[in-house]
Amino acid sequence: MLAEIISIVAAVGVTGLAASVRVVRQYERGLIYRFGRVRSAIREPGLTLLVPVADRLQKVNMQIVTLPIPAQEGITRDNVTVRVDAVVYFKVIDPIVAAINVQDYRFAVGQVAQTSLRSIIGKSDLDDLLSNRERLNQGLELMIDSPALDWGVHIDRVEIKDVALPESMKRSMSRQAEAERERRARVISADGELQASHKLSEAAGVMSDTPAALQLRLLETVVQVAAEKNSTLVLPFPVELLRFLERQTTAADQQVNGHAPMPRQSGEAAVDQAT
């Protein structure tokens, strides 16, 4: 009989000890509610002893929580309809405040993030949403962090993930970018032609002083054209060379004829007599 009583007492003791011992993980903090009132002492990671029946343990996760914000549709300040989604990174810094002051701090942070994102869309231009996201992220973080501090939550960072534009706006922006690239290409081409014209003008001035340079340039052009392996090459005969041959031919004829004048034809003689 005594042995049975001892075994019953031991069983009750083991059950009570198991009910009063809890394990708090490294990334958690434990809150003790004694008869409904929270204790100011926060239980650190490890084994925690509770008073049976009187105490109740609530664990609060202290890790950084990643909360995606659903895509919000709004109209920008320059009257463009967009859909913007983002992600919020936050963590609990005061477990007691997070457990007492707000019923569900995750849901509360998500709702504030959605309304803040809509407000940011309405205050921003489309160009800011596309190219100046860093400033918008900082402004969105401040808007969410202000009420979250009263809930024992700290907003670590906020990132805008995607900005969805209407198809008509995408086509307009594509045409604008194409026109801008075309304008730059034309400006660069015109600038190159202007610089080339200046160089050609200087080269023409140098070549005008030395006519032989024109012949050398002609021969160089012939060499460049011949390198293309064309079947037919049409080479214009230089006018200066024709004049040179004409002068040489005239001088040779005068030497042969002894500087005698050329005989006139009968028609020319008749005209002289008539005169």
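Trainee: Which residue of β7 stands opposite Gly-74?

Mentor: Gly-74 faces Val-82 of β7, and Gln-72 stands opposite Val-84 in β7. The model is predicted: local features need pLDDT of at least 70 and side-chain atom pairs pLDDT 80 or more, whereas totals for chains, interfaces and linings use all residues. Residues are numbered from 1 along each chain as its sequence is written, and side-chain values use heavy atoms, with hydrogens and water left out.

Trainee: Why are β6 and β8 called edge strands?

Mentor: The open sheet has the order β6-β7-β8, with antiparallel pairing. β6 (65–75) and β8 (153–164) each pair on one side only. The twist averages 25° from one strand to the next; such angles run from 0 to 180 degrees between N-to-C directions of axes fitted to C-alpha atoms, for helices over the stretch in contact.

Trainee: Which helices pack on this sheet?

Mentor: Helix α3 (residues 105–123) touches β6, β7 and β8, contact meaning heavy atoms within 4.5 Å. The direction of α3 makes about 35° with that of β6. Helix α5 (residues 133–148) touches β7 and β8, and its direction makes about 140° with that of β8.

Trainee: How does the length of α3 compare with the expected span?

Mentor: The expected span is 1.5 Å times one less than the number of residues. With 19 residues, α3 reaches 27 Å from its first C-alpha to its last, close to the 27 Å expected.

Trainee: Which residues of α3 are called buried?

Mentor: Buried means under 20% relative accessible area, with a 1.4 Å probe and protein chains only. Among the residues of α3 in this class are Tyr-105, Val-109, Gly-110, Leu-117 and Ile-121. The buried residues of α3 pack against β5 (55–61), β6, β7, α2 (95–100), α5 and β8. Of the 275 residues of the chain, 22% count as buried.

Trainee: What makes Asp-104 a cap of α3?

Mentor: A side-chain oxygen of Asp-104 lies 3.3 Å from the backbone nitrogen of Arg-106, at the N-terminal end of α3. A polar contact needs N or O atoms within 3.5 Å, one able to donate a hydrogen and the other to accept it; sequence neighbours count only through side-chain atoms on both sides. The distance of 3.3 Å therefore falls within the limit.

Technical notes: Two strands pair if DSSP finds at least two bridges between them. Helices (H or I, at least four residues) and strands (E, at least two) are DSSP runs, numbered from the N terminus. Buried means under 20% relative accessible area, exposed over 50%, partly exposed in between (1.4 Å probe, protein chains only).
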